[in-house]
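Here are some exercises to work through with the structure open beside you. Try each task before reading its solution.

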Amino acid sequence: MQLIKTIVEDYEPALRETETPPRITMIDEADGVYFNEALASDRLIRAEVYERILRARAYLPTDVTFMIYEAYRPVSRQRELWNAVFKRLQGEYPNDGVEIIRERAKEWVSDPDGVGSGHLFAAAVDITLCDADHATPLD
């Protein structure tokens, strides 16, 4: 209990600022932020996260913007990612047991049967910089 109390006290200012329930919005290219639908089609994102991205965009050079690959991710998609990584690792390490493979997989993707990912709550974002005119990711 002391550990939980310490964590809450350390993060109390952030906890007070967290909305309950969180406001959810849609990623909109009219805001000057691109969305790459090659990996995901769901444009949901926590409004607070999106607002911070838009504020950060103001600090970028005018010919550069953000491209979001994924924000909200349903559990079914999280499970697909997990299963793909798990299967790949089983092929790479055929002599390792399930628990060892599970620990290796956690280095790449969150276990959907565990805590999960911030994506499940629209609070995590896979994002990169891109050319503002052509939406071409920058190296």
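Predicted model: local features only at pLDDT ≥ 70, side-chain atom pairs only at ≥ 80, totals over all residues.

**Exercise 1. Find the place of histidine 119 in the chain and decide whether it is buried or exposed.**

Step 1. Begin with the elements: histidine 119 sits in the loop that links α5 and β5.
Step 2. Next, take the cut-off: a residue counts as buried when its relative accessible area is under 20%.
Step 3. Histidine 119 has a relative accessible area of 6%, so it is buried.
Step 4. Now list its surroundings. Leaving aside residues up to four places away in sequence, histidine 119 touches Glu70, Ala71, Tyr72, Arg73, Ala124, Val125 and Asp126.

**Exercise 2. Follow one of those contacts, glutamate 70, and describe its setting.**

Step 1. Glutamate 70 belongs to strand β4.
Step 2. With a relative accessible area of 4%, glutamate 70 is buried.
Step 3. Its contacts, again without residues up to four places away in sequence, are Ala40, Arg77, His119, Ala124, Val125 and Asp126.
Step 4. Take aspartate 126 from that list: glutamate 70 and aspartate 126 are 56 residues apart in sequence, yet their C-alpha atoms are 5.2 Å apart in space.
Step 5. Widen the view to the strand. Six of the seven residues of β4 are buried, so the strand is largely enclosed by the rest of the structure.

**Exercise 3. Work out the strand order of the open sheet and how its strands pair.**

Step 1. The sheet has three strands in the order β2-β4-β5, and its pairing is mixed.
Step 2. Its edge strands are β2 (34-35) and β5 (126-131), each of which pairs on one side only.
Step 3. Look at β2 and β4: two bridges join them in the parallel sense. Phenylalanine 35 has isoleucine 68 in β4 as its bridge partner.
Step 4. Then look at β4 (residues 64-70) and β5, which run antiparallel and are joined by six bridges. Opposite threonine 65 you will find cysteine 130 of β5, and opposite phenylalanine 66 is leucine 129 of β5.

**Exercise 4. Describe the packing of α4 and α5.**

Step 1. Two packed helices are described by the angle between their axes and by the distance between those axes.
Step 2. For helix α4 (residues 75-92) and helix α5 (residues 98-105), the angle is about 125° and the axes are 9 Å apart.
Step 3. The two helices are therefore oblique to each other, and their crossing is right-handed.
Step 4. On the α4 side, the contact uses Trp82, Val85, Phe86, Leu89 and Gln90, which meet Val98, Ile101, Arg102, Arg104 and Ala105 in α5.
Step 5. Sorted by class, this contact of α4 with α5 holds seven nonpolar, one polar and two charged residues.

**Exercise 5. Step back and summarise the whole chain: how many helices and strands are there, and how do they run?**

Step 1. The chain has five helices and five strands.
Step 2. Starting at the N terminus, they follow one another as α-α-β-β-β-α-β-α-α-β.
Step 3. Of the 139 residues in the chain, 27% are buried.
Step 4. Among contacts with a separation of 6 or more, 61% are between residues 24 or more positions apart. The pair from Exercise 2, glutamate 70 and aspartate 126, is 56 residues apart in sequence.

How values were computed:
Residues numbered from 1 in each chain as written. Heavy atoms only, no water. Pairing = 2+ DSSP bridges. Helix = DSSP H or I, 4+ residues; strand = E, 2+ residues; numbered from the N terminus. Axes fitted to C-alpha atoms, helices over the stretch in contact; angles between N-to-C directions. Parallel < 35°, antiparallel > 145°, perpendicular 65-115°, else oblique. Left-handed = near helix turned anticlockwise from the far one by under 90°. Contact = heavy atoms within 4.5 Å. Nonpolar A, V, L, I, M, F, W, Y, C, P; charged D, E, K, R; others polar. Buried < 20%, exposed > 50% of the residue type's maximum accessible area, 1.4 Å probe, protein only.
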